[in-house]
Amino acid sequence: MSVEAFPSAPPSFESRVHGCLLGGALGDSLGYAVEFDGIDAIRERFGAAGLTSFGQLDGGSHFSDDTQMTLYTVDGLVEALEWANDGVAADELACLWLAYLRWLATQDVPVPVSAPVPQPRWIDAQDVLRHRRAPGNGCLSGLSGGTMGTVGRPVNPESKGCGTVMRSAPFGLIPHISREAVYKLSSDAASLTHGHPSARLSAAAFSLLIHHVIAGSGVREAASEALSYVSGVPTKAPELPERLEAALALSAAGTVLAPEELTAALGDGWVAEEALAVGLYAVLSTEGASPAEHFRKAIGVAVNHSGDSDSTASIAGNILGALYGEEALPADWLQALEGPEVIRGMAERLLAVTTG
């Protein structure tokens with residue numbers, strides 16, 4: 001089965017939203033167990049095939065800051081849409097900044113006195129999110145300074161860590177908005193913590209990819225559309241199209257690269273364009289007899305390498321969940337997932353303000 005086709009009727013929008021958020025959390029959780037391990041250490045611990053199932057983990061695994069920040073991205077968007085639905089104009093970027101400041105407080109980092117005090121929301125009371133799970137330095141420093149970063153006044157201007165990409169799938173889940181709006185929302189939100197052009201454009205490319213998949217495109221077509229769009233904007237980051245073009249070309253070869261070849265070709269995933277390229281390659285280079293089998297294979301590729309395994313796998317999980325909906329999510333993996341009710345709760349809140 002091609003990643004461009006469905007074994008049955010296309011999934012509903014609601015199923016795609018749930019699938020995207022849950023799928024990202026599954027990839028993140030499996031990858032987090034080996035995030036800082038090289039491929040040799042992964043093989044030594046789990047065997048030649050590496051880590052391919054939650055059943056190999058004694059005591060399961062946790063999701064990381066990737067899922068935490070993705071859910072807080074959802075909450076920032078939900079708050080802005082709640083205001084809009086009440087007929088009150090809201091600054092979307094300010095809502096996202098306040099959401100990320102509330103996430104910062106869950107990481108035992110004081111919110112700077114120069115920043116506004118955000119009002120608590122439902123998500124803030126969820127204890128499963130109040131853990132420090134290797135948060136990125138760029139996200140922490142970008143938020144703890146107390147200044148709202150913008151494109152014109154960037155924080156961390158040289159940083160292009162993958163902390164922008166791994167949290168940006170929700171921008172592609174908002175229905176009935178233009179590509180221009182998706183691009184602006186996601187690239188502006190990336191600027192809240194990372195100022196490097198590649199950090200902003202990689203986040204936008206990922207959001208646009210999800211946007212096109214949600215609208216019914218296949219993954220390869222969606223990636224090509226996203227790449228074409230970001231290549232045409234005034235801000236340039238040549239490393240992004242280079243990595244994405246390589247991912248598209250390598251995934252069309254018909255064979256799956258060994259982990260060593262994968263990172264040599266596309267990078268380790270610690271920076272934005274590499275994380276997106278590895279996650280995309282994992283999806284496009286694998287396929288299975290069913291959506292769940294495709295999901296298992298793709299996450300296996302995205303996890304098993306000497307790089308940022310949780311971020312690359314969360315990106316792959318977001319993409320496949322958006323493509324297939326909840327049908328892609330292996331039932332035994334869902335049983336091992338931490339806090340599924342919180343993830344579903346945020347999906348329902350997004351659906352409530354976008355579809356009623």
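Me: Which residues of α15 are buried in this model?
Reply: The model is a predicted one. In α15 the buried residues are V342, I343, G345, M346, A347, L350, L351, V353 and T354. They pack against α1 (13-32) and α3 (65-85).

Me: How do you know that the end-to-end distance of helix α15 agrees with its number of residues?
Reply: Helix α15 covers residues 340-354, which is 15 residues. The expected span is 1.5 Å times one less than the number of residues, so α15 should span 21 Å. Its end C-alpha atoms are 21 Å apart, and therefore the two values agree. Just after α15, G356 has a positive phi of about 80°.

Me: What makes α3 largely enclosed?
Reply: Buried means under 20% relative accessible area. In α3, 16 of the 21 residues are buried, so the rest of the structure largely encloses this helix. From its first C-alpha to its last, α3 reaches 30 Å, close to the 30 Å expected at 1.5 Å a residue. Just after α3, G87 takes a positive phi of about 80°.

Me: Why is S64 called buried?
Reply: The cut-off for buried is under 20% relative accessible area. S64 has 0%, so S64 is buried. S64 lies in the loop between α2 (39-46) and α3. Apart from neighbours within four places in sequence, S64 is in contact with D28, Y32, R133 and D310.

Me: What makes the approach of S64 to the backbone nitrogen of D66 a polar contact?
Reply: The limit for a pair of N or O atoms is 3.5 Å. At the start of α3, a side-chain oxygen of S64 comes to within 3.1 Å of the backbone nitrogen of D66. The distance therefore falls inside the limit.

Me: Is D66 buried or exposed, and how do you know?
Reply: D66 has a relative accessible area of 3%, so D66 is buried. D66 belongs to helix α3. Leaving aside neighbours within four places in sequence, D66 is in contact with D28, M166, D310, S311 and S314.

Me: How do you know that the residues listed by UniProt for "binding site" gather at one spot?
Reply: The UniProt record, an unreviewed entry, lists S64, D65, D66, D308, D310 and S311 under that name. They span 248 residues in sequence, yet no two of their C-alpha atoms are more than 12.4 Å apart, so they gather at one spot. Of these residues, D66 is included in the lining of the largest cavity.

Me: Why is D108 called exposed?
Reply: Exposed means over 50% relative accessible area. D108 has 71%, so D108 is exposed. D108 lies in the loop between α4 (92-106) and α5 (137-144). Its phi is positive, about 60°, although D108 is not a glycine.

Me: Why is N156 called partly exposed?
Reply: N156 has a relative accessible area of 24%, so N156 is partly exposed. N156 is found in the loop between α5 and α6 (179-190). Phi of N156 is near 45°, a positive value in a residue other than glycine.

Me: What makes S198 count as buried?
Reply: The relative accessibility of S198 is 0%, so S198 counts as buried. S198 lies in helix α7 (residues 197-214).

Me: What makes the pair of side chains of S198 and E273 a polar contact?
Reply: The two side chains make a polar contact at 2.7 Å, and the limit is 3.5 Å. Beyond neighbours within four places in sequence, S198 is in contact with K160, A237, E239, L240, A272 and E273.

Me: Why is α12 called mostly covered?
Reply: Of the 13 residues of α12, 10 are buried. Among them are H294, F295 and G300. The cover over the buried residues of α12 includes α1, α2, α10 (259-266), α11, α13 (309-324) and α14 (331-336).

Me: Which residues touch the most other members of the largest nonpolar core?
Reply: That core has 110 residues, and I210 and L280 touch the most other members. Helix α11 (residues 272-284) gives the most to this core, with 10 residues. Apart from neighbours within four places in sequence, L280 is in contact with L209, V219, A223, L244, A247, L248 and I319. In soluble globular proteins, nonpolar side chains tend to be buried together.

Conventions. Residues are numbered from 1 along each chain as its sequence is written. This is a predicted model: local features need pLDDT of at least 70, side-chain atom pairs count only at pLDDT 80 or more; totals for chains, interfaces and linings use all residues. Side-chain values use heavy atoms; hydrogens and water are left out. Helices (H or I, at least four residues) and strands (E, at least two) are DSSP runs, numbered from the N terminus. Buried means under 20% relative accessible area, exposed over 50%, partly exposed in between (1.4 Å probe, protein chains only). Contact means heavy atoms within 4.5 Å. A nonpolar core is a set of buried Ala, Val, Leu, Ile, Met, Phe, Trp, Tyr and Cys residues joined through side-chain atoms within 4.5 Å. UniProt positions are given in the numbering used here, feature names are shortened, and annotations may be inferred rather than shown by experiment. On a 1 Å grid over the protein atoms alone, a cavity is a set of points where a 1.4 Å probe fits but cannot get out, and a pocket is an open set with protein on both sides within 12 Å along at least five of seven lines; lining residues have an atom within 4 Å of a point. A polar contact is a pair of N or O atoms within 3.5 Å; within protein, one must be able to donate a hydrogen and the other to accept it, and residues adjacent in sequence count only if both atoms are side-chain atoms.
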